[in-house]
Amino acid sequence: SGIVLVAINPYEQLPIYGQDVIYAYSGQNMGDMDPHIFAVAEEAYKQMARDEKNQSIIVSGESGAGKTVSAKYAMRFFATVGGSASETNIEAKVLASSPIMEAIGNAKTTRNDNSSRFGKYIQIGFDKRYHIIGANMRTYLLEKSRVVFQAEDERNYHIFYQLCASSSLPEFKDLGLSKCWHVPVLCW
């Protein structure tokens, strides 16, 4: 493992992720500028191009720290410096499945109302000119114990509450959800 990016959520929107900041970090050496997601992404991109070897960026942080958002910013950086941002809009395509994944794999914890209970592995493919040509997202380490037990003030996976809230819809008739307990739905 090389550099590890530690995500810290400032809990307010900061103007440090725009195109101008991407271009400021593009082509720079690690350590020449302030620590930043784009500095880490530039280093990985530069080493991939120079050594023609796969690179990994590990994004770590507490629940709610912004690990998924950090991954989005790194993808935006790759799409912009690789010249493929307008051609493929890869960031939007890769993360289009996020709402479905969050319903199935996110839950309310005592520290975060929408805490991801699984890890994401996003693999981005580049062509010989280092343009993004595709991506693949995998999930791992689903917290299975949450299905049968939740600590006080925590919830099961969102999908259970969404199914119960939808139990009266005609398309769910054959699923046998008519006897869902509606108490958890009130906590929604």
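Okay, let me start with Glu-62, which sits in the loop between β2, residues 58–60, and α3, residues 67–81. Keep in mind that we're looking at a predicted model here. So, what does Glu-62 touch, once we skip residues up to four places away in sequence? That would be Lys-67 and Arg-111. Gly-66 is in the loop between β2 and α3 as well.

Now, the record. UniProt, in an unreviewed entry, has a "binding site" annotation that covers Gly-61, Glu-62, Ser-63, Gly-64, Ala-65, Gly-66, Lys-67 and Thr-68.

Let's zoom out to the whole chain. We've got eight helices and six strands, and if you walk along the sequence they come in the order β-α-α-β-α-α-α-α-β-β-β-β-α-α. The chain has 188 residues, and 32% of them are buried. On contacts: take the ones between residues at least 6 apart in sequence, and 53% of those join residues at least 24 apart.

Over to the surface. The accessible area of the chain is about 12,200 Å², and carbon and sulfur atoms account for 55% of that. There's also a nonpolar patch on the outside, made up of Val-4, Val-6, Ile-8 and Ile-58, which together have about 380 Å² of accessible area.

One of those is Ile-8, in the loop between β1, residues 4–6, and α1, residues 19–25. Is Ile-8 buried or exposed? With a relative accessible area of 70%, Ile-8 counts as exposed, because the cut-off for that is over 50%.

That's my tour, thanks.

Definitions and conventions. Residues are numbered from 1 along each chain as its sequence is written. This is a predicted model: local features need pLDDT of at least 70, side-chain atom pairs count only at pLDDT 80 or more; totals for chains, interfaces and linings use all residues. Side-chain values use heavy atoms; hydrogens and water are left out. UniProt positions are given in the numbering used here, feature names are shortened, and annotations may be inferred rather than shown by experiment. Helices (H or I, at least four residues) and strands (E, at least two) are DSSP runs, numbered from the N terminus. Contact means heavy atoms within 4.5 Å. Buried means under 20% relative accessible area, exposed over 50%, partly exposed in between (1.4 Å probe, protein chains only). Accessible areas come from the Shrake-Rupley method with a 1.4 Å probe; for residues, only the protein chains shown count as cover. Patches are made of residues with over 30% relative accessible area and no salt bridge: like charges are joined within 9 Å, nonpolar side chains (Val, Leu, Ile, Met, Phe, Trp, Tyr) within 5 Å. A salt bridge is a side-chain nitrogen of Lys or Arg within 4 Å of a carboxyl oxygen of Asp or Glu.
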